[in-house]
Amino acid sequence: MSDPASPPRCCMPAGGSPTATASPTCAEIGTPPASRAKPSPQGMVLLPGGEFLMGTEDAEGFPGDGEGPVRPVRLSPFRIDACAVTNDAFAAFVAETGHVTDAERFGWSYVFAGFLPAALRRGAPRPERTPWWCGAEGAAWDRPEGPGSTLDGRGDHPVVHVSWNDAAAYARWAGKRLPTEAEWEYAARGGLEQRRYPWGDELNPGGAFRCNIWRGTFPSKNTAEDGYRGTAPVDAFEPNGHGLFNMSGNVWEWCADWWSTDHGAARPLIGPRGPDTGTDKVIRGGSHLCHRSYCNRYRVAARTANSPDSSSGHAGFRCVAPA
Ligand SMILES: [Ca+2]
């Protein structure tokens, strides 16, 4: 097996088979909660931009990831998908363009070991530091748990096993682009300032589950108390104050920026776009495999990265477009 993808830095995943079935598509979701945001066609939300405080110095955070310092950032208005790109939407892109994903070219992708059939799990290579991931031959966006698996019942779940390259190709096809990291974080914060999650500071306010993460003990026991062991429909749970769904948890989301932990004076604070070059692309939001004990990165300021040809069962994306 070639090694196109650096081993996942973080808790890593794959589709699973959640029990939830059809729920309204993103475009069918009604008006978002009161906020400055306005819904628009094609399931996008217009955000007004302006200045916000990016980053965190939260004691629960990971300073080594470059989560801080907190700094003011100014953005122009833009539109953003209310939900991550679904399997159905990605299927339409592939049907029209014949796009071949990086995982298909390489012949494998990372699948969370617990989601793989035993026969495929045996002998699958595993990264030394994150052995709950298997390099699964034949895993791809339409075969999330390898040969024999399907997307049945998951048309409205986020597409996974897509690399940054695949995400960017989809965005071009859709007449959109990937969000900058600053746009992503501004959107995820939902109009709140310096809160830990898109909805506030408490993980389960009033005992309610607000996102799809690992519940229980990682990586041995997932209680799925939030309703999902694997991915959830893209519009599961309540949206944030901007009307955006699952900005925390469910799947990591690729951003346009190259990775850096230096947000120093050389960086413009107006519409920042990250470094000009790099080796890894930023991913944000955490996934259904994140747990506080190991990968507390479903916080709204948390960040990590991976090489642009990497893919796994817990990373997807959403797009943005001009206002
Ligand atoms: Ca879950």
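Helices (H or I, at least four residues) and strands (E, at least two) are DSSP runs, numbered from the N terminus. The structure is a predicted model, in which local features need pLDDT of at least 70, side-chain atom pairs count only at pLDDT 80 or more, and totals for chains, interfaces and linings use all residues. Residues are numbered from 1 along each chain as its sequence is written, and side-chain values use heavy atoms, with hydrogens and water left out.

**Exercise 1. Describe the protein chain as a whole.**

Solution. Step 1: the secondary structure consists of five helices and 14 strands. Step 2: the chain has 323 residues, and 58% of them are buried, where buried means under 20% relative accessible area, exposed over 50%, and partly exposed in between (1.4 Å probe, protein chains only). Step 3: among contacts (heavy atoms within 4.5 Å) with a separation of 6 or more, 76% link residues 24 or more positions apart.

**Exercise 2. Locate cysteine 83 and state whether it is buried or exposed.**

Solution. Step 1: cysteine 83 belongs to the loop between strand E5 (78-81) and helix H1 (87-97). Step 2: its relative accessibility is 5%, so cysteine 83 counts as buried. Step 3: the C-alpha atom of cysteine 83 is 8.3 Å from that of methionine 247, although 164 residues separate the two along the chain.

**Exercise 3. Determine how many disulfides are present.**

Solution. Step 1: a disulfide is a covalent bond between the sulfur atoms of two cysteines. Step 2: the rule applied here asks for a pair of cysteine sulfur atoms within 2.5 Å. Step 3: the count by this rule is zero. Step 4: for cysteine 211, the closest cysteine sulfur belongs to cysteine 290 and lies 9.4 Å away, which is too far for a bond. Step 5: cysteine 211 is buried, at 0% relative accessibility, and cysteine 255 is likewise buried at 0%.

**Exercise 4. Identify the donors of the calcium ion and explain which parts of the chain they join.**

Solution. Step 1: donors are N, O and S atoms within 2.8 Å of the metal (3.2 Å for Na, K and Ca); water is not among the atoms, so sites may look incomplete. Step 2: the calcium ion is coordinated at 2.3 to 2.6 Å by Asn212 (OD1), Ile213 (O), Asp226 (OD), Asp226 (OD) and Tyr228 (O). Step 3: isoleucine 213 lies in the loop between helix H5 (181-189) and strand E8 (216-217), while aspartate 226 lies in the loop between strand E9 (221-222) and strand E10 (252-258), so the pair ties together parts 13 residues apart in sequence. Step 4: isoleucine 213 is buried, with a relative accessible area of 2%, and aspartate 226 is buried, with 7%.

**Exercise 5. Examine helix H5 and the residue that follows it.**

Solution. Step 1: nine of the nine residues of H5 are buried, so the helix is largely enclosed by the rest of the structure. Step 2: the buried residues include Trp184, Tyr186 and Arg189. Step 3: glycine 190 follows H5 and has a positive phi, near 65 degrees.
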